[in-house]
Amino acid sequence: MTPDAEFSYELLVCRYAELAWHPSDGLGDDLRPSIVARQLGTKERRWDTLVIEVDPAAFAARRRFGDRTMDSDLLHVVRHAPAEWAWYRDALPHPGYPWRYVRQAVHRTAGRDLIEKRRDGNRIRIRRKRPYPDWVERIVAIENKPDLDRSAADRLADQLAHDVETGLADEAWLATETTGERVEPALLRELPVEAGILATDFSGGVDADAADVAWHPSGLAPAEGERRDPETETLRLEIAERAYGKGWRSYHETMRPDCRHFELRREGRALVPYCAAKEKVPTSRECSGSCPSFSPEPPQWRTKGWPIEGGPGKGFKRVLARRRARERDRAESVE
Ligand code: SF4
């Protein structure tokens, strides 16, 4: 597959994960409550697809803080904000950088209505609105390689070895397209045994049974009785927060759904972007203001001539936002 096809493959893997998580549990077993995001990670390592398994009640409590990501500065304030009014310097642990930056974060946090703030003389006091919940159960990283060849397997082996070493994720997978064929055993031998292999067949679109487990992963989480160090825990939470805010349907933010050639097409139970001019799934880089075929949707599409208020561009965004909200509702309601 070409790099373009890797983008569309990634979207299909994301949708599959939503429909079938966890693949080792078997079809028909209850879904694990989870949310899915793409292209996230740390400075050293960016993952293609991330599945954040959540505790439903705690996730519902997280949602009460709103739909947006909390960055590391906001998290520092929200996680440690006290139940009773207190000077922020008494209440929060020293962040390891100057307090004036924390003060800015306190203002930002209160500005987003995540905590309460009041001035007492020249001191800023804070109080939490509600406790920040412990909503992240497990973080699972998936690398997507529709065409697994020797060089891809070598690169992946290094990346997955890094995942095993850092312990940021609880589990790592490789997803590869097989269209009914077996994954070549010689290539599998290159990969760390801890990583699971998901053999997908999306030729008929995405559904919950569009993949098989070719190799079961072993957990990367610390053994019973061991704990991750607090920095790793914080980093994991920051990643989970970004996954929560971003999801995997935010590609429209960097694409041009307001172009008359932009469409959302169905691939089984997935909706993926499609360019009618190029007759393929465009990448974010292609589908931008510099695209030579870009053509703005005619103004009349945005008014009376189009059944969706605001024209198809705005309509696509609303469809994707609604789907994201639906998936969040589902993660929260799983018993
Ligand atoms: S023509 Fe260009 S901008 Fe328009 S949908 Fe296709 S790739 Fe995107």
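In what order do the six strands of the open sheet lie? The legends below begin with that sheet.

**View 1. The six-stranded open sheet.** The six strands follow the order S1-S2-S6-S7-S8-S9, with mixed pairing; helices (H or I, at least four residues) and strands (E, at least two) are DSSP runs numbered from the N terminus, and two strands pair if DSSP finds at least two bridges between them. Strand S1 (34-41) and strand S9 (211-215) are the edge strands, each pairing on one side only. From one strand to the next the twist averages 30 degrees, where axes are lines fitted to C-alpha atoms, for helices over the stretch in contact, and angles run from 0 to 180 degrees between N-to-C directions. Helix H8 (residues 230-246) packs on the sheet and touches S1, strand S2 (46-54) and S6, its direction making about 105 degrees with that of S1; contact here means that the C-beta atoms of two residues, placed from the backbone, lie within 7 Å. The model shown in every view is a predicted one, in which local features need pLDDT of at least 70 and side-chain atom pairs count only at pLDDT 80 or more, while totals for chains, interfaces and linings use all residues. Residues are numbered from 1 along each chain as its sequence is written.

View 2. Strand S6 (residues 136-144) and strand S7 (residues 171-177) run parallel and are joined by five bridges, and asparagine 144 has alanine 175 in S7 as its bridge partner. S7 also pairs with S8 in the parallel sense, over five bridges, with glutamate 177 standing opposite threonine 200 in S8. Between S8 and S9 the sense is antiparallel, with four bridges, and here alanine 199 stands opposite aspartate 212 in S9. Strand S8 (residues 196-200) is mostly covered, five of its five residues being buried; a residue is buried if 20 or more other C-beta atoms lie within 10 Å of its own, exposed if 12 or fewer, and partly exposed in between, with C-beta atoms placed from the backbone. Gly196, Leu198 and Thr200 point one way from S8, whereas Ile197 and Ala199 point the other way, and all are buried.

View 3. Three strands form an open antiparallel sheet in the order S3-S5-S4. Strand S3 (86-87) and S4 stand at its edges, and because each has a single partner strand, one side of each is left without a neighbour in the sheet. S4 and strand S5 (residues 123-128) run antiparallel and are joined by six bridges, with arginine 118 standing opposite arginine 125 in S5. H5 lies across S4 and S5 and runs at about 125 degrees to S4. In helix H3 (residues 72-80), the buried residues include Leu74, His76, Val77 and Val78, and what covers the buried residues of H3 includes helix H5 (99-111) and strand S4 (115-120).

View 4. A cis peptide bond, with omega about 15 degrees, joins tryptophan 21 and histidine 22, and histidine 22 lies in the loop between helix H1 (3-20) and S1. Glutamine 39, which lies in strand S1, has a positive phi of about 55 degrees although it is not a glycine. Glutamine 39 counts as partly exposed because 17 other C-beta atoms lie within 10 Å. Aspartate 113, in the loop between H5 and S4, likewise has a positive phi, near 65 degrees, in a residue other than glycine. Aspartate 113 is exposed, because 10 other C-beta atoms lie within 10 Å.

**View 5. The surroundings of arginine 63.** Arginine 63 is placed in helix H2 (residues 56-63) and counts as partly exposed, because it has 17 C-beta neighbours inside 10 Å. Not counting residues up to four places away in sequence, arginine 63 touches Arg328 and Glu332. The C-alpha atoms of arginine 63 and tryptophan 135 are separated by 9.9 Å, although these residues are 72 residues apart along the chain.

**View 6. The shell around the ligand.** The ligand is surrounded by 13 residues, of which the closest are Cys259, Cys275, Cys287, Cys291 and Ser293; a residue is near a molecule or strand if its C-beta atom, placed from the backbone, lies within 6 Å of it. The shell divides into eight nonpolar, two polar and three charged residues, where Ala, Val, Leu, Ile, Met, Phe, Trp, Tyr, Cys and Pro count as nonpolar, Asp, Glu, Lys and Arg as charged, and the others, Gly among them, as polar.
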